[in-house]
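Opening my notebook on this one.

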Amino acid sequence: MSLNKLTRPSELISKGPKDSPCYFCNELFEMGQLQNHLKLCGSILEQCPLRCGAWIQRKHKEEHVKDCPKMEKTRNSSSHVSVPPPVPPAVSEHTWTPRNVNLDDCVSYLEKEVANIKLVLTEESSRREVQSTELETIRSKIVLVEERSQHFLSTLVSLRAAVDDEAERSANWAAQFKHDLANVQLALQELQGQQLSTVMRLESTVSGLVHEQNERELLEQALTQHDSKIRTVKKLVTSKAWKEYHEKKETEKNKKTARKRRKS
């Protein structure tokens, strides 16, 4: 900022008491609008976004970036480094009034601005140191993550080999199980054939037993009939002998009676 742009005291006296000048572009603003203007003022000094060390006005920043010596290095560099936006210097509140402007006040103001810029640079350097520390921490974490990734990959390879072995064993077991199942099915078929033959034998045996039972019942019926016939014959024989015996007794009695009559 040049000293030629400072407002003269005679000009400041003619201005209204409510108008405040911008200390970078010397334009007058009403109270309350100056702070909003300072956020967009094109005459405020800012650090070069490419960090070449120069401080330029906002309105000339794009032209400076095109001609900046670090632009050529940035174009030829293969790695793209993200540059954080520059921190504008803090705008301090000025207490002096336009009516009391003199050279000493301007010099003191510039000294304050330089002190503020140095403070900003100090804060920027400390922030850079913090960022470098964080970057080293991130790099160490990345190395740790890479080591863990390698360990995870080796573990994954061993697990995959174990899974392949287990799959091969499972396939062998499945083939053996199919073979055993086929043998069991053949044995079951043979057993079913034996069961069928046994059932047929049992049926023939049962039919033979039933036939023998029927013959036994018929024989028992024949024996019963024969016994009944024998009993009938015995009864008939017994009744005939009794008649003969009775007749014989009667005959003997008659003979005795006849003899007695003859003797008498």
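Predicted model: local features only at pLDDT ≥ 70, side-chain atom pairs only at ≥ 80, totals over all residues.

Entry 1. I looked up Arg128 and found it partly exposed, at 36% relative accessible area (buried is under 20%, exposed over 50%, partly exposed in between, with a 1.4 Å probe and protein chains only). Arg128 makes a salt bridge with Glu124, with the closest N and O atoms 3.6 Å apart (a salt bridge is a side-chain nitrogen of Lys or Arg within 4 Å of a carboxyl oxygen of Asp or Glu). The two sit four residues apart in helix 5, so about one helical turn separates them.

Residues are numbered from 1 along each chain as its sequence is written, and side-chain values use heavy atoms, leaving out hydrogens and water.

Entry 2. I stayed with Glu124, which also bridges to Arg127, the closest N and O atoms being 2.6 Å apart. Glu124 is buried at 8% relative accessible area, while Arg127 is partly exposed at 27%. I reminded myself that an α-helix has 3.6 residues a turn, so residues three or four places apart point the same way.

Entry 3. I then asked what else is buried in helix 5 (residues 103–263), and the list includes Cys106, Tyr109 and Glu113. Helices here are DSSP runs of H or I with at least four residues, strands are E runs with at least two, and both are numbered from the N terminus. The buried residues of helix 5 pack against strand 4 (55–57), where contact means heavy atoms within 4.5 Å.

Entry 4. How many salt bridges does the structure hold? I get six. One of them pairs Glu46 with Lys61, the closest N and O atoms being 3.5 Å apart. Glu46 is in strand 3 (residues 45–47) and Lys61 in helix 3 (residues 61–67), so this pair ties together parts 15 residues apart in sequence. I have Glu46 as buried at 11% relative accessible area, and Lys61 as partly exposed at 27%.

Entry 5. Last, I zoomed out to the whole chain. I count five helices and four strands, running α-β-β-α-β-β-α-α-α along the sequence. Buried residues make up 13% of the 264. I also noted Asn26, in the loop between strand 1 (19–21) and strand 2 (28–30), with a positive phi near 65° though the residue is not glycine.
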